[in-house]
Amino acid sequence: MGCSRIGSTRVAIVVALTTILASCTSLPRSGPDHKDVDRDAAVKVTTKERRVGIDYALIDLSKNVLPYFTSPQPTSFKGFGGGRGGAPEIPLGYGDVVQVAIFEAQSGGLFIPSDAGSRPGNYISLPEQTIDRNGTITIPYAGRVPAAGRLKETVEQDVEDRLASRAIEPQVVITTTSSRSSQVAVLGDVNNPQRVEISPAGERVLDVISAAGGLTTNNIETNVTLQRRGKTATVAYNTLLKNPAENIYVAPDDTISIDHERRTYLALGAAGVSGRFDFEESNLTLGEAIAKAGGLRDDRADPAQVLLYRLVPKKTVEAMHVDTTRFAGDAVPVIVRANMRDPATLFAVQQFKMEDKDIIYISNSDSVELVKFLDIVNSVSSTVSGVTDDARDTRNAVQDLGN
């Protein structure tokens, strides 16, 4: 009878305290409760919609949504052009230094006198000159000839036409000795930041990075940003190595910035170790990231409530047939929920790719919240006679119910 009475007492205590706990909102915890997350989601894939606070979408990790998250959404250099075909033609520009040679068919013309004697050829070379701020060069008897922004061959023909009535079948050859206008600035994490001159043969992005001494950082955490006429795009350095279509020809006045970006993620809640973790020189899956943070704590974690927080491109969410009309901007705050109690989820988390600045939050189990409440009751009433025994009986009752 004594044991029966004690067992009944334990059950009664648990029922009473659970009722109190259900209405208590002041218990300490390291993050949002999974019930709050489920209730307050603005958009859900499996349940009715509700708008509250900061809008976000709650998506359960499954084989149906996994394909949308298998890889990040990179930007591309393809929009700049110059990926296929030959090198782009480079016009003359302000500040270029050129030399002009003028040939005539025979002596006795405008530039070659009749008594030329033992000249090596019927031509003269004019002194080197710089294309001035007006974009012109000066040719005797032809005047000031526009050059900046024009192809070398076009300027040559223009000079020939201007001299045709005075010289004997003139032919003009323009040689660029210094192409100050056809340079690309290479900055950031390279060994020798500098302005790289583009040759008529054409240089691609990796060529000018090599000319600047190469990277000072590891490949996998390095991004390359290209700026051209107000347009900007960023591509991972490894993408340039693996995808030749991204390694486009550079153009005059391009700016290429090389940046090492430390990739990190946060692990919070009932993880083995909470904190910020580096990807280091590898790409991580969700499963590997959880393991790197020490896995799930057996004494605290709810395996069914492993949450990953991420800003996802709106077009990716829309592809899952989710209503995104209430989300402003190009990105949607998304919580991806993984149920680790499902054996199949262990395969899914090994295919789900982590991205820089992801947040993993592992919820506490309901039983942990109850134990927290009991600890508070015990600490508050520890001076009252018999309360310690009651708390011990209650703990034992919880264990009995768990078994």
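1. Strand 9 (residues 183–188) and strand 13 (residues 255–260) run parallel and are joined by four bridges, where strands are DSSP runs of E of at least two residues, helices are runs of H or I of at least four residues, and both are numbered from the N terminus. Within this pairing, Ala 185 stands opposite Thr 255 in strand 13. Two strands are taken to pair if DSSP finds at least two bridges between them.

2. This is a predicted model, in which local features need pLDDT of at least 70 and side-chain atom pairs count only at pLDDT 80 or more, whereas totals for chains, interfaces and linings use all residues. Residues are numbered from 1 along each chain as its sequence is written, and side-chain values use heavy atoms, with hydrogens and water left out.

3. The two strands of the opening point belong to an open sheet of five strands, ordered 10-9-13-11-12, with mixed pairing. Its edges are strand 10 (194–197) and strand 12 (231–236), each of which pairs on one side only.

4. A search of the whole structure finds six aromatic pairs, a pair being rings of Phe, Tyr or Trp (its six-membered ring) with centres within 6.5 Å, counted as stacked when the planes are under 30 degrees apart, edge-to-face when over 60, and tilted otherwise. Among them is the stacked pair of Phe 69 and Phe 352, at 5.3 Å centre to centre and with 25 degrees between the planes. This pair links distant parts of the chain, 283 residues apart: Phe 69 is in the loop between strand 2 (57–60) and strand 3 (97–103), and Phe 352 in the loop between helix 8 (345–349) and strand 18 (359–364).

5. Tyr 265, Phe 277 and Phe 279 form one aromatic cluster. Elsewhere, the charged end of Arg 204 sits over the ring of Tyr 249, 4.0 Å from its centre, and Lys 231 lies over the face of Phe 80, at 5.0 Å from the ring centre; the criterion is NZ of Lys or CZ of Arg within 6 Å of the ring centre and within 35 degrees of the ring normal.

6. Asp 55, in the loop between strand 1 (43–44) and strand 2, is buried, with a relative accessible area of 9%. Leaving aside neighbours within four places in sequence, Asp 55 is in contact (heavy atoms within 4.5 Å) with Ala 42, Arg 326, Phe 327 and Pro 333.

How values were computed
Buried < 20%, exposed > 50% of the residue type's maximum accessible area, 1.4 Å probe, protein only.
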